[in-house]
Every structure is written in structure tokens, then in C-alpha cells.
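Subject: Structure handover

Hi,

Here is the structure we talked about. Please open it alongside these notes.

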Amino acid sequence: MFRRLSTRISTLYTVLFLAVFAPAVLLVYLVILGEVKTTIRDELAANGGVFDRLLDARADQLKQSADVLSRDFGFREALATRDRATVESALMNLTGRIGGTRALVVGPDGDVIADASGVSDGGFPYPDILRDAEDTGATAEVAVLDGVPQLIVASPVFAPTLQGWTVFAEPLADGAARELAGLAPIALRAQFQADGMAGVMHGIPNSRALRLLNDRTALAEFVGERGGELVLIKSLDVSDSSPPVTLSLNYPIAASLARYRHLAAAVIGFALAGMGALMTGSWLLSAGVTRPIRALADAVARIQAGDYVQVEAKGGGEEVRGLADGFNAMVEGINSRERRITHLALHDPDTGLANRAALQRHLTDMIEGAAPGPGERIYLAAAGVDRFATIRAAIGHGQAGVLMREVARKLEGLRPGDFVARLSSSALGVAFRAPDAAAAAAIVAQARTAFERDPIAIGSNAVDIHLTVGLAGCPEHAENALQLVERAQIALDQARAATAGAASFDPESERATAGNLALLSELRRGLELGEVALAHQPKLDLRKGEVTGVECLLRWIHPVRGPVAPDAFIPLAEETGLIGALTEWVLARALDDQRRYAKAGHDLRIAVNISARSLANPGFADLVASLLRSRNVEPERLTLEITETAAMERPDVAFATLEKLQRLGVILSIDDYGTGLSSLAYLKRLPVHELKIDKSFVLNLSKDKNDAVLVRSTIDLGHNLGLKVVAEGVEDQASLELLALFGCDYAQGFHIGRPTTQDAVIKSLASPEPMRLRPRRAAS
Ligand code: C2E
Ligand code: CA
Ligand code: CA
């Protein structure tokens, strides 16, 4: 209950009010009470004196009456003659006159002779009163008679000698006291006590009571308080032989206070009205303060829940308005900061395009919002910009960002509504819907052609953009957004590896990669344990008709898996850097093998495959030079086969390496020519000596007219550039003859010889019928 500020404030005010007002009321009460008590005390004291005088007056009255009787002749006669009947009738007469007071006659011997009430007989208990009366005339004295404090009046009867006494006895309570109560201005109650002081003292504080008891003289008069009454206790003068008698006058204080009832009612009424007004006022005030505070607290709770509300400081004072303004500014600040953070979290800082996280979020929404059953499916195309590194090197990093943004804009323009995000530095992701995989593939194909048609303008440059696209779909390839993104990227890698323009995600090859890591560590070990070896494949010189060189091909004989194809482990070794050691091993071994050929009488050229990684290594040329020196092999005996894509990765470094190797005198050969995208202009700039037409063009050479045209024009092209031309993948005699016809310089293939051991090659070279296969032209 006290947790609410408004309750606390109004309670505090009320308590403060009571704290100030209650003592004031109490003080007034105490002053009034003191005043009232003083008044009563004075009144009681005055009344005590009045009582004495009333008692004296009554005593005088009774003394007179007694005297009158005592002097009455008939009465004296009757008493002297002991005429009891007359005496009694005279007494009765008198009793009627003096108002019910008991009258009796006591004989000279002290015995009661007659009693108007007919009660007593025997001796009169106060002979000293009788004696005083005999000496001084009528005497009045207070004494206890029959257990009741009474005013006793005695008058001697002489006839002429003492005949007895006329005695009146009147209970004090009936006479003077009653008269007193009638006279007093206040409602007095008088009480007489005959049984000692103990009874009177009842209720009087101990110390004073004791003092009063011990000192009878101090007991003249005492005023005290007992049970809500003020009491005056007065010791009465009694006959010496009587027990003491006290008079107590009681006056209830409440009766006096009653006069102040109106005042009290007014004060209490005033207090209640004041308190009510105060509580209402303070409640209203505090509600006015707490209402805006509560509004702020509500707003804070809503902001915690992510709802950025503004508060209105209605009714609050200037301070509250200031607080609300500050609060609103703070909320606005938090809100804009959060928007900025969210933007950063979901956008690529380079290009401002949506990033991978945003893509995943969008895909999740698409997947969750997709209707179950057949209908539209969700696809993600990972579109990689081909040769991005080269382009970036040419136009600079800043412009490369602009380029990616332009590519994204163009993709968005092709199919408005598709979601485009940046997946990696060179790839964009496009999320879209299509009825099935074929439709999705068609959309991808359309997009690729659209790019091929027109270049993208960056500043004043036009850049030719080719896209390689990996495609993955939900639900056929992925269950959720994360998987979809990963698989589209794997599909992109697969498309790039296959140098196909586009590819759908292939679960088979993904499964293969799972085993890759294990394979890699085994390769490292296999290299140390001598599980790798070189196979040699002869190269036939088509003009001379003899084998003048061999290509060294890596072989790995795994103790459990058996032979592992180089295509399976070389890309892995390239990715991890193990390729450096592997290449060095191959080079050293190949040069050793060259020495062995020479010793056997065949000074063959030896060719080694060099991967992009090695070419990008600035120390590679020096390594080759030192190996050549240490093995004492002529540089021109060594041919390095480099794929065109390898020469284009980090082109600046690759160029420098190639130039150094050329200066060294090593023969450089472009491997797999025709599969890459290199333009003639680009080839021209490479410092190479030889072109090796990819086997995919040669394998069907004798059956496929197109291939024949392609191979022939490539041979011419190579020659025009001043290069030697090699054809690999020659599997039949017809192809071999065609190549000779086209003027090709060298041929390599299963038809000439499969990759085999060096010993087998030496043996075939030494055979009396060296190469039974000879080109037709050479034969003719
Ligand atoms: P590559 O340089 O194009 O090597 C030629 C491949 O074609 C070899 O496969 C060879 O066995 C095969 N081949 C030769 N003649 C014919 C033929 O008439 N028909 C057919 N169908 N195939 C033929 P291999 O030995 O499996 O090598 C595959 C690839 O592995 C090589 O392609 C080369 O790129 C790479 N490679 C091999 N050894 C090394 C190496 O020591 N270092 C590097 N970096 N790569 C290597
Ligand atoms: Ca090769
Ligand atoms: Ca090749």
C-alpha cells in the first residue's frame, strides 16, 4: 500500500498535521483541566468552611430546642417524678418539631430513661458530653452513635437539682450535609466515615496517605483526586471518647469539564475538517506529480519490450516536463542508434548492400512464409563475378565496391522483387522463387546472358562482367536458410571448379569434401613415408618422330585406399599450403630423374606441373634456380606447365615469377589451353614458350569436325604467337595423324604411352623398335 508515492505523500502530510495539531489540542485540554481542577479545589475548600458553619448553626438550633425543653416546667416535673409517659410524650412532641431528629432523655446516673424512637436503652455512651453540659449549659458535639456519625446535643435538666439530660442525636448525613449539598453551587456529594481513616484514604496516593495517618493534626483538611473525582477530606472535631469522624466532599471532574464540551466538539471538528482537507489536497498534489512519473515508468516498460514510445508530460510541472523532454530525446537517441546498429549488422559496409546475415533473415522469412505442398519453391543463386581479383587490381578496391553495387542493381533490375545481398567479396546472393529446378536454372541462364550482352560502366570504363552461378534450392537441397546459403556457395565453388558457367548444388561432391581433411593429414604423412611417386608420360616430337620428353605426374599409393588420383588431393594441398612442399619434392625428384635419363643415354626434357599457389610465391623462381644448380641440370631441360587460370591469380606476382623463370632459361608451357577464359591479348603478354591444347579438344579429334577446326586454329594461333604447340589426350592413331597434318609440334596421350615408371620409359626407349607409332606425314 505504501509503495505508491501518492499514498506515501498524503500519509506523510497527515502524520505531520497530527504531530503538530495533537499536542496543541492536548495542551489546551491540560490547561482547561488544570483550570477546572483549581476551580473545584477552591469550591471544595469554600464548601468545607460552609459545612462547619452550617454544622454550628444546626447545633445552635438544636441547643435552643433542647434548652426550651429542659426548662419546661411540666417536663421537669415529669422527669423529677419519673413520670415516664409524660416525658416520652414531650419528647415525641419535640421530635415532630425538630424534624425527625432523635431525642432521648438520660437520667442522672447516665442511663437512657426515654427515647422518642424507642431504640436505645442502657447507658448513654458519652458521659463526657453530659458532664460538659452540666457545667456549661447546652453542649453540641460530633460523635459516633450506633455506628453512625451524629451531631449530639445535650442540655441538663435541673429541678432544681440535676434530674438528667435532654439529648438530641442527628446523623450528620441527614442534617448539615444535606443542607450543604443544597446550598453548594456545584454538585457535591458529602460522605461521612466513622471507622477510622483507612476507608477515607482509599485511593489516595500512598505517601501522602501515610503522612496523614501518622499525623492526626495534619488531617485538618486535605484535597486529593480519586476515581475521576476531586475529594476534600476533612477531619471533624469529635468528642474525646468518640472514634474519629471524617467528612469527604466529592466532586466529579467530568461534570465540570462538561462545560467545555462545545469547545472540544469545535476543536475536534476543526481537526477532522483540516485533516480531510489536507489528505485530499496532498493526494491531489501527489497524484499530479506521480501521474507523469507513472507515464514515464509505463513508457520505460514499453521501451524494454522494444516499443519506442514518446511520453507526453500532461499536468506535470516544469521539472516533469523537462524530464519527459529529456526522456524522449534519450529514447530517440537509443532508437536511432539501434537503427544504425541494425543497419550495420545487416549491411555490407563497402557497398551498402544487404549482407549475408540479412540474406539469411530474408530466406528464413521466405521459407517460413512458403505455402506447403507443390507450388513455388525457394532458390538461392550465388553469383560470383569471374576474375574479380584481376578486375579489382585493375580498377582499385573502391571502384570494385561500386562495381559490385552496379552488378547488384542490374540483378535487381532483371527481376524486380528478388532479394540481392553480398555473399563474399566477389559473389552476390539472389533469393528468388521458381516453380522447379529447371525453371530456376533457366532464370539463372537468362541472367548470365544479360550480363554477357552489355558491359557495366564504372566511371568512364566499361567492364565486361561474366558470372559463374551456383544454385541451391529449398527444399530439395536445404532445409533452412543457413544451409541454403552454404550450399549455394558450394555450388558456386563446384561451378568454378568445373569451369561451368552455372551449376546446381551436387550433394555427392559435398560428401567428398567431408573426407578431405582426413585425406590431407594422410598426404602429409605419406610424403614423409615415401608413399608418393612420380609417373612419367612420354611426349612425342611429331617432326622427329621420337620421344624427346616426359611429363612427370604425381602418384600417391595410399596403403589402404590404393592409388589416389592427383585431381583428388592436389586442390586440397593447394588450399592448405602443403602444395609448397609437394612441388619442391616433385621438382627435386623430376630433376634427379632427368639426370638418370641422361646417364641412360636419353637427355630428355622433363615437364613438371606447377600450381597457382607456387607461382604466386615470390621466392619460387629462386627455388627453381637453386634446384637446377644443385642437380646440375640445364634450365632448358626443364619445362614448367602452368594453367592459364594459375597465371591469372594474383597476376602481378605471377607475371614477375614467370619473367624470372624465363630469364633463368626454363621452358614455360600453358597447360589445359582452351578451358580458361584468357583472351589472345592476355596470352600475348605472358612470357611463355609453349601452348598445351587441353585434352578435352583432342580426345574426339578424329570424330568431331568442330574439335578439329578448333585444334587446327589453335595450332595456327600458337605458331603465329611464336609458340610451340603440344596436344595432350591423344588416344588413337587417326588423331595422331591429324595432329601431324595440322603441324602440331608435340603429342602426348595413352596412344603414345600411359604414365608409367621411369624404368619402363627407359626400357621402351631402348627397345630396337623405338616408337612404333609414327605420324603419317613423317612416314610418307
Ligand atoms: P594435366 O597436367 O593435364 O595432366 C595430364 C593428365 O591427363 C594426367 O592425369 C594424365 O594421366 C592424363 N592423360 C594423359 N594422356 C591421356 C589420354 O590419352 N587420355 C586421357 N583420358 N587422359 C590422359 P593425372 O595424372 O590424373 O593428372 C591429373 C592432373 O593432376 C594433371 O593434369 C595436373 O594438372 C595435376 N598434376 C599431376 N601431377 C602434378 C604435380 O606434380 N603437380 C601439380 N601441381 N599438379 C599435378
Ligand atoms: Ca600437365
Ligand atoms: Ca593438361
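The notes below cover the metal site, the ligand shell and some backbone details.

Ground rules come first. This is a predicted model, in which local features need pLDDT of at least 70 and side-chain atom pairs count only at pLDDT 80 or more, while totals for chains, interfaces and linings use all residues. Residues are numbered from 1 along each chain as its sequence is written, chains are lettered from A and ligands numbered from 1 in the order written, and side-chain values use heavy atoms, with hydrogens and water left out.

Donors here are N, O and S atoms within 2.8 Å of the metal, or 3.2 Å for Na, K and Ca; water is not among the atoms, so sites may look incomplete. Asp672 sits in strand 22 (residues 667-673) and Glu728 in strand 24 (residues 724-728), so the pair ties together parts that are 56 residues apart in sequence. Strands (E, at least two residues) and helices (H or I, at least four) are DSSP runs, numbered from the N terminus.

There is a neighbouring ion. The calcium ion (ligand 2) is 4.1 Å from the calcium ion (ligand 3), and Asp671 coordinates both.

How covered are the two side chains, buried or exposed? Glu728 is buried, at 9% relative accessible area. Asp672 is partly exposed, at 24%. The cut-offs are under 20% for buried and over 50% for exposed, with partly exposed in between (1.4 Å probe, protein chains only).

Ligand 1

Two of these residues also meet ligand 1. A side-chain N or O atom of Asp672 is 3.4 Å from an oxygen atom of ligand 1. For Glu728, the distance from a polar side-chain atom to a ligand 1 oxygen is 3.5 Å. Arg555 has a side-chain N or O atom 2.9 Å from an oxygen of ligand 1. The protein covers 86% of the 790 Å² of accessible area that ligand 1 has on its own (Shrake-Rupley method, 1.4 Å probe).

The shell around ligand 1 holds 22 residues, and Gln537, Arg555, Asn609, Glu731 and Phe750 come nearest. A residue counts as near if one of its heavy atoms lies within 4 Å. Strand 18 (546-558), helix 17 (566-576) and strand 22 each give two or more residues to this shell. Strand 18 has the largest share, with four. By type, the shell has nine nonpolar, five polar and eight charged residues. Nonpolar covers Ala, Val, Leu, Ile, Met, Phe, Trp, Tyr, Cys and Pro; charged covers Asp, Glu, Lys and Arg; the others, Gly among them, are polar.

Backbone details

Check two cis peptide bonds. One joins Ala159 and Pro160, with omega about -15°. Pro160 is in the loop between strand 4 (148-158) and strand 5 (162-171). The other runs from Cys474 to Pro475, with omega near 15°. Pro475 falls in the loop between strand 15 (467-474) and helix 15 (481-497).

Asp146 is not a glycine, yet its phi is positive, near 55°. Asp146 lies in the loop between strand 3 (139-145) and strand 4, and is exposed at 55% relative accessibility. Arg387 also has a positive phi, near 55°. Its loop joins strand 10 (377-385) and helix 12 (388-395). Arg387 is partly exposed, at 36%.

Best wishes

Terms used: Polar contact = N/O pair within 3.5 Å; in protein donor to acceptor, adjacent residues only side chain to side chain.
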